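These are my notebook entries on a structure that I went through by element and by residue.

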Amino acid sequence: MFGLRSRLALLMLEQADGGALAGLDVAGRILLWSPGAGQLTGHAKVDLLGEPLSTLYLPEEHSQSERDLRRAERDGRAEVERWFVRRDGSRVLVRQVLAALHDADGSRVGFSCSLRPIEEQGGIALLRHLGELILSSADEGICGLDTEGRATFVNPAASRMLGWAPEELIGQVQHEVIHHSYPDGTPMPSSECQMYAALRDGQVHHSASEVFWRRDGSCFPVEYRSSPVREGGRIIGVVVTFSDITERLRAGERERQLLREQAARAQAEEVERRVRGMLESITDAFVALDRAWRYTYVNRRAEELSRHSREDMLGRTPLEVFPRFTGSRSDQNFRKAFAEQQVVRFEEHDPSKDTWVEMNVYPSEEGLAIYFRDITERKRTEERLRLFESIVVHAYDGVIILEPQRVDGHLTRRILYANEAFSRMTGYSLQELQMLETMVLTGPATDPAAVECVRDALRRQEPIRIELLAYRKDGSTLWTENSLVPVKDEEGDLTHWVGVSREVTERKRVEEAALRLVREEAARTAAEAAHARIEAILESITDAFFALDREQCFTFVNRRAAEVLGRTQEQLLGQPLEGLLPEEAWAGLARGVRQVLEGHGASECELYLAPLSAWFECHASPSGDGVSVYLREVTARKRAEEARRRLSSIIEATPDFVGSTDAQGRGLYLNRSGRHMVGLAEEQDASAWNIASAHPTWAARRLLAEGVPTALREGVWAGETALLTPDGRELPVSQVLLAHRGPEGQLAMLSTIIRDISDRKRAEESQLFLSESSRVLVDALEYEATLHSLARLVVPRLADSCIVAMQEGDSVSQVAIASRDPTREPVLREVGRTKLNPHTVVGVPSVLRTGEPELVSEVTDAWLRAASEDEEHFVRYRELSPDSLMIVPLVARGRTLGVLVFVSTRESGRHYGPADLSLAEGLAARAALTIDNARLYKESQQTAHARDEVLAIVSHDLRNPLNVISLGAAFLLKHLPQGPEAASWRKQADLIRRSADRAVLLIQDLLEVAKLEAGRVAVERNPEDVGGLMDEVVELHRPLAEARGLRLELEVEMAVPPVLADRSRVLQVFSNLIGNAVRYTPAGGRITVRARREGQLVRFFVSDTGKGIEPEFLPHLFERYWQAKGSREGAGLGLTIAKGIVEAHGGRVQVESELGKGSTFSFTLLVAGAPASR
């Protein structure tokens, strides 16, 4: 191999041109790579050895390498231009000379390759190369034509679209091949071919309305552009670029179709919008149902009448929205309209709401269109009209309705209606009466003056009451008492007259008969006999009756009239009426009598006679010689009316809401306070209110579901609800609901009394707030935390901003602030810092000085100026924009600690009043006590910290000297002689050692107590056998007891379970308790240690037979440092430590003692495995 490479290298040097050199084997793989080749391409030899030469070619030209090698093999030499890819990715155009290499016997051994960069024309070649690539990869068809129209170039896209191979098109006249006919197949002359037009005029020609023909004879629409190609100002050909626009045309057609559909849809939507607008604007309700009976449209009025929203109805069926729809009249008629495809009209009543609707159902292919309107008022009006008509038809009195009608310039009173009583009275049928004018019923004997009075009232359109002599159809006469009333419309125009006629012929006959009898009797007999008969006739009348002549003197008085007038009949006869009655009673009667005497017909009035304390209804009517007067007593009726008026006045004056409704809850009456609460004007009818409408939803539900049923069952219901005020607020109220029943037990009406309890509720809320604030404040023991909690409590419940300022000597410093708007906190800090100016009469210094709160309902600049220390303080105050404020002192234990400032800004609109101040004072009182406790707690913490520091010093600085003393004493005891001469020295040394040991134990007890109080005592609880623990306790302390002459006994119940305990700590508890027992039990006594189970606990006892403990000492036994009087042993810490250790185990310590008998200390520990106690 080495020889072959050497020969190749020599042959390359002999045969190849200078420049970059490479040697290839027979397969084209690189064997040699000269430095020049490396400089040209940037590739190192180690990267390319063994790689094919095509590695350096462009990716799309790799296949060219094999052809170049075959050409060099065939021709002995191949010279080509190729683009090589450098190592850095850039390209270089090189001239590559490949030469086949042969050995001495003529066998081919490889190739030599000479590479030279082509500096000149390199850019043009690159551009040409790129251009060819662009033409080859373009999606548009591109072809070049010479001046004869023959193809010189055809790119792949054009070949693909036309179905011809490029070589088949090149050299062909393109007009004859692809452009010979119009779209309809008509031949196209070459003179009209736009491809050739560019050759003729040198202009660019564009066309989008022609077709090109494929090889298979089909055509396709194209958009093409023919551009001339020039060289030196001479046209040498054209370039035709074209695109198949079949899809574009189809897309355009689809787009036009879409636009048409969109236009049609928009038009339909506009029509639908207009229809919907009309349906929304009409006063009738309208809904649409599809064929599946689902709501597809609901207008606004339908929402109101059905009391369901569109969202609740759309897409659902009537049965889903209205559970009682099935089987209803609506259900039947909807199905009828849908099945028969006919319009159905009907009315339906909803008993639950007592409402009527009129429905018009129109079927269509899409479903049903339903128009309906609320006709409740019409139905009620019709019902009232039927009731009225029933009353009128069956009335005993005659009733007519007249319509004013102008005939020949004169107003007539044509009869529109007459009831049966009137027809019976006059003898005319209704049809006959409708052809008559009212005045036809008068006749020659009718009083002309009375007729003229009627005509005058009709002209003046005023009501009139008069007696007339009328004529029947048969010509007979009758006396009638007539009332005629005009009826006018809303604009005040006369529409009808309503007349009521009562036949009084019999009464007139009685009167005339009486007078006629009087006259006949006077003519026939003496005057006394005549008066006797008249008296007999008129005395039978129970009402008071008297007759006056035209001079208004009494001509007849019956017995009842004499009683009423307070005279005898003899005293009254012949006397004038004037002067017999009080002035106030005389005026009304005299006026009525004059009216009758003047020919204005009968009159009525009411009289009150004070001497009788009685009311009378007075009826004066004309008689033959004067006036007849009837007096009927109506005192009972007037008193009932007066009682009703008084009750009404009381109800109207009460501040409570008082109202009544009918059995269906519709309003009948509402007092003034009730109208004010619900926003009902005085002139509005009470029916605009109902028993549930003035309440919020939750209250109305409670009233209807609980209140009304309870009232119906028990007669009364009371509870708390709420009213909706006119401005939409909920007003808390206390409500009483009463059910009133008729004579037969049926519900006649409901009444309700409602009282505003907002003040009480506000007080309850304030108390709740104070309770909550106490809890929050108590939770914060730290002094600063308490102040910040207080500020956060106030905002935003009571204020927009709050300052808690504490007094420190002669100044006040803000300690805590809170604000609804955090940007105001810096200003609050500045305002909170102030000096105690003795001359300030308002503001924080004044409240601190006097201890009295200050309420400023409306803050003015004058107040701000008076409360400010200086101009800067005034400016800061104004930046807060206070609208109202309160300054409340924080007073605890008789000392003013600081102030609490409540600030309300204009944004919230809150104005403080006395109730707010009372709440603020309550909060301040609680806060002050909590703040003072926090201060005391802080001081105690500081004291405890100081104590801990002292104990640390004691434990560290005293224990070491004591240990030295103890060791020194032990050393002396060890080395002093044992003889009697050293006994006193040994005694002193022993005393020193024992004293040092006691001092060390005292220091340990002090440290132990400090740990207990700080909660730093750690206990490691493990299951411990009680028997073994008690044995160890007794064995440890038996020598101490025996040394004092005491018996130490052990009593343990059988099967006492193990306990959770820190063994060493529990032994320490026993040591303290047994040590105390040994100390206070005289010689010969007994100490007993016991244990027994108590549920989930085991109780341990240490009992002695000592002298016992005074009862007043028992509460202090476990206090640190406490010792009984006269006791000097120990530091008083043993029991405190024992109690702390037991409580750290979760147990409790108890003591029982009886003087002269001894004491028993006990404590509990948790049984192992039992739930932990809390």
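I worked from a predicted model, in which local features need pLDDT of at least 70, side-chain atom pairs count only at pLDDT 80 or more, and totals for chains, interfaces and linings use all residues. Residues are numbered from 1 along each chain as its sequence is written, and side-chain values use heavy atoms, with hydrogens and water left out.

**Entry 1: helix pair.** I looked up helix 35 (residues 1026-1043) and helix 36 (residues 1063-1080), which pack at an angle of about 40° with their axes 10 Å apart. Axes are lines fitted to C-alpha atoms, for helices over the stretch in contact, and angles run from 0 to 180 degrees between N-to-C directions. Helices are DSSP runs of H or I with at least four residues, and strands are runs of E with at least two, numbered from the N terminus.

I noted residues of helix 35 that meet helix 36, including Leu1029, Val1033 and Leu1036; contact means heavy atoms within 4.5 Å. On the helix 36 side, Val1066, Phe1070 and Ile1074 are among them.

**Entry 2: helix 9.** In helix 9 (residues 194-201), I found Met195, Tyr196, Ala197, Ala198 and Leu199 buried, that is, under 20% relative accessible area (1.4 Å probe, protein chains only). These buried residues pack against several elements, including helix 8 (174-178) and strand 9 (219-231). Gly202 follows helix 9 and has a positive phi, near 70°.

**Entry 3: Ser1162.** I located Ser1162 in strand 43 (residues 1158-1166). Ser1162 is buried, with a relative accessible area of 5%. Not counting residues up to four places away in sequence, Ser1162 touches Arg1099, Phe1100, Phe1101, Arg1148, Val1149 and Gln1150.

Definitions and conventions
Buried < 20%, exposed > 50% of the residue type's maximum accessible area, 1.4 Å probe, protein only.
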